[in-house]
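Please read this briefing with the sequence and the 3D structure side by side. The notes below are grouped by topic.

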Amino acid sequence: MIYKDISVKKIPTDIFTGVIIALVSIPISMGYAQVSGLPAVYGLYGSIFPILIFGLLSTSKQFIFGVDAAPAALVGAFLTALEVESGSERAVQIVPVVSFFVGIWLVLLSNLKAGRLVSYISSPVMGGFISGISTTIIFMQIPKVMGGTSGTGEMFELVEHIIETSRTRFNLMSLGLGTAALVILLVSKKFIPRVPMSIPVMAAGAVLGYTGFADRYGVARLENIERGLPAWKFPDFTALDVSDVMSTSLTIAIVIMAETLLASNNLAVKNGYKLNNNHEILVYGLGNLAASFTGCCPVNGSVSRSAMGDQYGGRSQIMSVTAAVTMACILLFGTSFIQYLPVPVLTAIVISALLGAVEFHLAESLFKRDKHEFFIFCAAFFGVLLFGTVYGVAIGIVLSFVTVIVNTANPKRSFLGIIDGHEGFHSLERNTYAVPLKNVVLYRFSGNLYFANIDVFIDDIEKAVSGNTKCVVVDSGAICSIDITAADRIAALYSTLKKNNVKLYFASHIGPLNDRFRKLGLGELVEEGHCRMTIAAALSDAGYSAPYDTEEAPAQTVSSPEDRFGIHEYEWAFGTNDKNNKTK
C-alpha cells in the first residue's frame, strides 16, 4: 500500500507544508500557464486534480506535481509555430488536446516499462540535471524580482531577458522587496531551519499589497482571479489536425518522464525510499489526462516545490493531497486574497527553495573524489542550462555510457608472482616481495573480454612473452563473458604461441565461460585441457609444481617471514606507492 509507511506524528507537518506549497504554487502556476499560452487562472486549475491524483496514487512520498516550466515552454513554442496567439480562444482549445495526447503517451510508456531507463542514469548525471533545472528556473525568476516578467528559453535567452528587463522595466522598490525577502529566507534557513519563514514573509507581502504600498511604488501584484473550480469536459479534437500534435506531445511526454523520474528518484535516494518507476509514469499520464479534462497545459514534477516541501519537513503524499485541497479552497473562497500578493516577494520564496535544490555540494565531493564523474556532472548541468532539458539529459547519459565503455576497455590488470612463505599468486606491481615464476607469465585481467579491450589484453601478453617463456597462464576469474571479436583474436594468439612452443592457459573462471569458448570456436582450449579451475592446476599441467622456481629476487631490506607477512597485508591495503597512502 502506498500510505503504509506514513508516520502519524508527521501528518501535521505534512499538512502544514502542503498549505505552504499551495500558496507558493499560485504565482508559479499562473506564470507557467501564461508561458504555455493559456490565461493565468488555468495554472491554478492545473494545481488541483492533477496534484490530487498524484498524491493519491504515486509511490513518491515527497515529490510535487503541477504546472511547470519545461512542458509549458514546449507548448508555448508549439502554439507559436502554429501562429496561435497566446491567451486566445483558439489557444484555450488547442492546449488541452496537447495535454490529452501527452497523457496517452505516458500511459503507453508505462506499459512499455520505460521506467527501467532510469537505471542507466548515474548519480552525477542526476545531480547535474537537477542542478541545471534549478539554476535555469532561477534565471527565469530573476526578472520578476526586478519588476518584469518571467523569462523563457535557455541561459543565453534568459540572460538577455534579464538585461532587457533591467533597462526597460526595472523597479528599485521591487528589487528591494525581493532581495530583502530572499535574504531573510536564506538567513533563517541557515540559523533557524525548522521555522517556515516563507509564511510570515508572504503575510508581510500581502499586508504591503493590501495597504496600497505596493501600488504606490509600482510593485507588481498577482492578478485577480475569478472564483470557482474548473469545469470538466473533453478537449475539442477538431481544434487542430491530430497529426500535428503527435510528435510534439511525444516530446513533451518524454521530457516529463525523464525530468520527473530523475528528480523524484534523486529525492527518494536522499531520504531512503524506493519508487516504482513504471507505476510513476502511469500516474504522470493520469495526471495529464486530468489536466486535459480541466483545460490545462501538460503538468510535470516540480523541482522548486518539491525542494520546498523537503526543506519544511514534508515526508508523505499527504503533502500533495493537502496542496490540492488548499488550492481548491483558494479558488472557492480566497481569490480576493491572491490580488494582494506582491510578485517579487513570492518569487524570492521560489528562488530560496531552488537554491536548496542546486547540488553544488555533490559537485564539490565529485571534484575531490573522481574528476571524471565531476566532468559528467558539469556536462549534464551545463547541457540543461545551455541547451534545455532533453539535450542536457542526453549529454549526461551519453557521457555515462562513454565512461562505462572507457572503464571496461581499460580494466585493472596485472602480472602475478609468488611471495616466499605466502600462499597464492600476487601482483608484482603492488607487492614488494612478489617475484615472477621462471619461464612463466602469470597475467590477471579484471574484466569481460570484448572488441573494445581485446587489443589491450593481446598487447600485454605479447610484450610479456620472451624467448625464455614456456607458459602463459591467464587468471580469468574476473572474466565472465567474451564476444566473437575477442574469441577470434585469442584463437590467433593461441596459434602463434603454440608455434613458438608456448602454452596458453585460462584458469579460475566460472564454468559458463567454457561454454562460451566452445560456442565461439575456442573449444580446443577446453578440450586440450588449457582451461583449468585453478592457476596451480594450469601450472601443473604445463609441468610446473610447487615449490616453484622463480626469477632472481631483488635485494630486500626486510627478510623475516613475520615482516614479509605484515608488509604484504599493508601493501594489499595501500599499495607500494607512498603517494597513494593518504593515512601514512
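**Helix packing, a buried helix and salt bridges**

Helix 3 and helix 14 run roughly antiparallel to each other, a label given to angles over 145 degrees, while angles under 35 degrees count as roughly parallel, 65 to 115 as roughly perpendicular and the rest as oblique. This is a predicted model, in which local features need pLDDT of at least 70 and side-chain atom pairs count only at pLDDT 80 or more, whereas totals for chains, interfaces and linings use all residues. Residues are numbered from 1 along each chain as its sequence is written, and side-chain values use heavy atoms, with hydrogens and water left out. Helices (H or I, at least four residues) and strands (E, at least two) are DSSP runs, numbered from the N terminus.

**Helix 3 against helix 14**

- The axes of helix 3 (residues 49-57) and helix 14 (residues 318-333) come within 8 Å and cross at roughly 155°. Such axes are lines fitted to C-alpha atoms, for helices over the stretch in contact, and the angles run from 0 to 180 degrees between N-to-C directions.
- Helix 3 contributes Ile51, Leu52, Phe54, Gly55 and Leu56 to the contact, and helix 14 contributes Ser320, Val321 and Ala324. Contact means heavy atoms within 4.5 Å.
- The residues of this contact between helix 3 and helix 14 comprise 6 nonpolar, 2 polar and no charged. Here Ala, Val, Leu, Ile, Met, Phe, Trp, Tyr, Cys and Pro count as nonpolar, Asp, Glu, Lys and Arg as charged, and the others, Gly among them, as polar.

**Helix 13**

- Helix 13 (residues 303-311) is mostly covered, with 8 of its 9 residues buried. Buried means under 20% relative accessible area, exposed over 50%, and partly exposed in between (1.4 Å probe, protein chains only).
- The buried residues of helix 13 include Arg305, Met308 and Asp310.
- After helix 13 comes Gly313, which has a positive phi, near 90°.

**Salt bridges**

- Side chains of opposite charge can pair when their charged atoms come close.
- The structure holds 12 salt bridges, each being a side-chain nitrogen of Lys or Arg within 4 Å of a carboxyl oxygen of Asp or Glu.
- One of them joins Asp68 and Arg305, with the closest N and O atoms 3.4 Å apart. Asp68 is in the loop between strand 1 (65-66) and helix 4 (69-81) and Arg305 is in helix 13, so the pair ties together parts that are 237 residues apart in sequence.
- Asp68 is buried, at 1% relative accessible area, and Arg305 is buried at 0%.
- Another salt bridge is formed by Arg489 and Asp455, whose closest N and O atoms are 2.4 Å apart. This pair links distant parts of the chain, with Arg489 in helix 21 (residues 484-499) and Asp455 in helix 20 (residues 454-464), 34 residues apart.
- Arg489 is partly exposed at 32%, and Asp455 is partly exposed at 46%.
- Asp515 and Arg518 also meet in a salt bridge (2.5 Å, N to O). Both lie in helix 22 (residues 511-519), 3 residues apart, about one turn of the helix.

**Leu262**

- Leu262 is in helix 11 (residues 242-271) and is buried, at 1% relative accessibility.
- Leu262 and Asn277 are 15 residues apart in sequence and 10.0 Å apart in space, C-alpha to C-alpha.
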